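Q: I have a structure open and am new to it. Can you walk me through some of its features?

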Amino acid sequence: MKNILNVALLGAALSVFSSLAVAQESQLDLIAKGKLVATAADCQACHTNPEGGRPFSGDYAIHSPMGTIYTTNITPSKQFGIGNYTLQQFSRAVREGVRPDGENLYPAMPYTSYSHMSDEDIQAMYAYFQLGVKPVEQPTKQTALPFPFNMRIAMAGWNMMYLDSAAFKPDATKSAEWNRGAYLVNGAGHCDTCHTPRNLMMGSVIGQPLAGGMVGPWYAPNISSDPVSGIGNWSQAQLVEYLKTGRTVGKNQAAGPMAEAVQNSLQYLPDADLNAIAFYLKNAPAVRDPADKQAADSFGSRKVNVEEGLRGVHPSNANNTITGGAALFSGYCASCHQPDGGGSKNQAYPSLYNNTATGLTNASNLISTILYGVDRQVGDEHVLMPKFGEGSYVAQLTDAQIADISNYVLTNFGNPQIQVTTLDVAVLRGGGPVTLLAKLQPYMAPAMVIGVIVVLALIFWLFRRRQARQKLAHADK
């Protein structure tokens, strides 16, 4: 009898242990899934300061048209991060842009895309940030936009106009691969956030999905399926290669925010997801820019003897008097991109012809590459092109010098119809084009004061008019 009891107790203990092991395995699976979701959502790119910041501890400065927005600490720190968030509060912040204290987030956090994420993905991501990320006990800088953009309550009205909170619904007429790609592009991966143009109020232009738009000093190009303005002339394999490595010979190379997306997110996604993204983009609605007459990657060709007479005894290279686009290109660019524009043998420094940066009708990426350089780590490969803007360890070039180099490159290797001015360079050096809404900001406070005075005056006038009518009515009696 005693042996039977011991066996029963042992069986019960093993059953409890097995249940606990299954629960633990299930939790670990959930955390692993959450990490993959967070990677697809590219949370690390914005919530980790690239200058020595610890993962997800925030303090990354996003230079928006409205001012600088500092990202928050999203580690499970209970004092400085999201350690006290419930699943419901986490979901509301991610998908609706509302913090637990009721304050609205700015749409620099792409909740307008995350709103389409599934409950399952949100739950998994919550588990990952609460249990799979180390807490960082570190405060972050406070965002302090100028008036009236500092009035977060205004975002509630903006959300009413531009936030589509409907969950993603698969299209039954499309394949599973198309639907997965649509979910990633317009939801978790939030490609639409950067690659769709914005209107006056900084809302997405719904009628031009993925048609391209400015992101600070960089241009997120048209990635619709149009063969001239977009990626319609790319093969699916080329798109997957670009997403995974940040470059495709004869097409494009990732720099700026796109390099961050490749480095922190896309290179780690499974091939099935990368293929789904590429398949969706290849089959998404085509949007053509009337200004585009041929595909950006079809411009230019290898040049021969473009440096003839510029090196050696030529006076333009003597006594630090390198002037003019050809001489500047020879002095600062040709050693890596080659005098004929063909690039390095391994294409770490790409060819300057058949290159979207030099073929687009928008030259921002060419200019910004010179200003800010390229720094992209993919696997064991580190692609580094030095910057020639502020803080350059090579040479800090002026706006006029960068314009001269850009025009030389465009004329000889890219789209010769595009010309860069010193003002173009100055605007991008300053962080990118200023929107009309931002330009009006200095006048908004006086306008609101005047508006309040006018309203008060109108109320006072109506009050006095009513009093006068009441007096007149009493007099008639």
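A: A term comes up first: helices (H or I, at least four residues) and strands (E, at least two) are DSSP runs, numbered from the N terminus. This is a predicted model, in which local features need pLDDT of at least 70, side-chain atom pairs count only at pLDDT 80 or more, and totals for chains, interfaces and linings use all residues. Residues are numbered from 1 along each chain as its sequence is written, and side-chain values use heavy atoms, with hydrogens and water left out.

Q: OK, pockets. Which helices each supply at least two residues of the lining of the second largest pocket?

A: Helix H4 (111–114), helix H6 (154–162), helix H7 (176–188) and helix H8 (191–195) do. The largest share, four residues, is from H7. A pocket here is an open set of points on a 1 Å grid over the protein atoms alone, with protein on both sides within 12 Å along at least five of seven lines; a cavity is a set of points where a 1.4 Å probe fits but cannot get out, and lining residues have an atom within 4 Å of a point.

Q: What volume does the second largest pocket have, and which residues lie nearest its centre?

A: Its volume is about 650 Å³, counted as the space filled by probe spheres set on the grid points, which are joined across faces, edges and corners. The lining has 27 residues, and His116, Asp164, Asn186, Asp192 and Ile206 lie nearest the centre. By type, the lining has 13 nonpolar, nine polar and five charged residues. Ala, Val, Leu, Ile, Met, Phe, Trp, Tyr, Cys and Pro count as nonpolar, Asp, Glu, Lys and Arg as charged, and the others, Gly among them, as polar.

Q: How many cavities of 30 Å³ or more does a search of the whole structure find?

A: One. The largest cavity holds about 60 Å³ of space. Its lining includes Arg247, Lys251, Gln347 and Asn354. Strand S5 (247–248) and strand S6 (252–253) each give at least two residues to that lining, which divides into two nonpolar, seven polar and two charged residues.

Q: Is Cys46 buried, partly exposed or exposed?

A: Cys46 is partly exposed, with a relative accessible area of 28%. Cys194 is partly exposed too, at 28%. Buried means under 20% relative accessible area, exposed over 50%, and partly exposed in between (1.4 Å probe, protein chains only).

Q: And how many aromatic pairs?

A: The structure holds 14. Rings of Phe, Tyr and Trp (its six-membered ring) pair if their centres lie within 6.5 Å; planes under 30 degrees apart count as stacked, over 60 as edge-to-face and the rest as tilted. One of the pairs, Phe56 and Tyr128, is edge-to-face, at 6.3 Å centre to centre and 85° between the planes.

Q: Where do Phe56 and Tyr128 lie?

A: Phe56 is in the loop between helix H2 (43–47) and strand S1 (61–64), and Tyr128 is in helix H5 (residues 119–132), so the pair ties together parts 72 residues apart in sequence. Phe56 is buried at 6%, and Tyr128 is buried at 9%.
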